[in-house]
Amino acid sequence: WQVETQPLSLTGPDNFSESKATQLSLSFSPDHQWVASGGLDSLVHVWDAKKGQLLYSLPGHDQTIVRVIFSSDGQQVVTAGTDNTIKVWDLGRRGELFTLPLPTRKYGGDGWDFDFRCTSEKCWIVVPLEVSGKLVGYELGKIYE
């Protein structure tokens, strides 16, 4: 986008107007072709970044989605929800790969923040636990080619 002439608006009248729910997080794909967003409607929305058109929505979280991150190859999206789960989505299949239940209820974190990174060998998700001041790390192995 040219921010000066075409501001981002996920719920405004000009662009991305197909989503009526408040979007709380978004992420651009590494090639800047797609935008993934999540919010109050508990759906992952995948948009055409150039046209601002909704391509499809993925159900799966039971509550609000508060964080969305694309994988480094742009084929997966990872989301965190207030349902205390992190979900990994395969965009090619348009479906959920798996869910990680977070240990936040027992250990006092909120699960609203995390990071997702991959190398050619493996992927990791790291979640801060606010009350204890610790990090929980999940080594996922290789989830894409």
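Modeller: A nonpolar core is a set of buried Ala, Val, Leu, Ile, Met, Phe, Trp, Tyr and Cys residues joined through side-chain atoms within 4.5 Å. In soluble globular proteins, nonpolar side chains tend to be buried together. Keep in mind that this is a predicted model.

Biologist: Which residues touch the most other members of the largest nonpolar core?

Modeller: Those are V78, I86, F114, F116, I125, V127 and Y138, out of 17 residues in that core. At least two residues come from each of β5, β6, β7, β9, β10 and β11. β10 gives the largest share, with 4 residues.

Biologist: What is I125 in contact with, leaving aside its neighbours within four places in sequence?

Modeller: Quite a list: V78, I86, V88, L100, F114, D115, F116, V136, G137, Y138 and L140. There's also a second, separate core, made of 11 residues, with V46, Y56, V68 and V77 among them.

Biologist: Now the strands. In what order do the 3 strands of the open sheet run?

Modeller: For a sheet, ask who pairs with whom. Here the order is β9-β10-β11, with antiparallel pairing. β9 and β11 are the edge strands, each pairing on one side only. From one strand to the next, the twist averages 20°.

Biologist: And how many bridges join β10 and β11?

Modeller: 7, in the antiparallel sense.

How values were computed:
Residues are numbered from 1 along each chain as its sequence is written. This is a predicted model: local features need pLDDT of at least 70, side-chain atom pairs count only at pLDDT 80 or more; totals for chains, interfaces and linings use all residues. Side-chain values use heavy atoms; hydrogens and water are left out. Buried means under 20% relative accessible area, exposed over 50%, partly exposed in between (1.4 Å probe, protein chains only). Contact means heavy atoms within 4.5 Å. Two strands pair if DSSP finds at least two bridges between them. Axes are lines fitted to C-alpha atoms, for helices over the stretch in contact, and angles run from 0 to 180 degrees between N-to-C directions.
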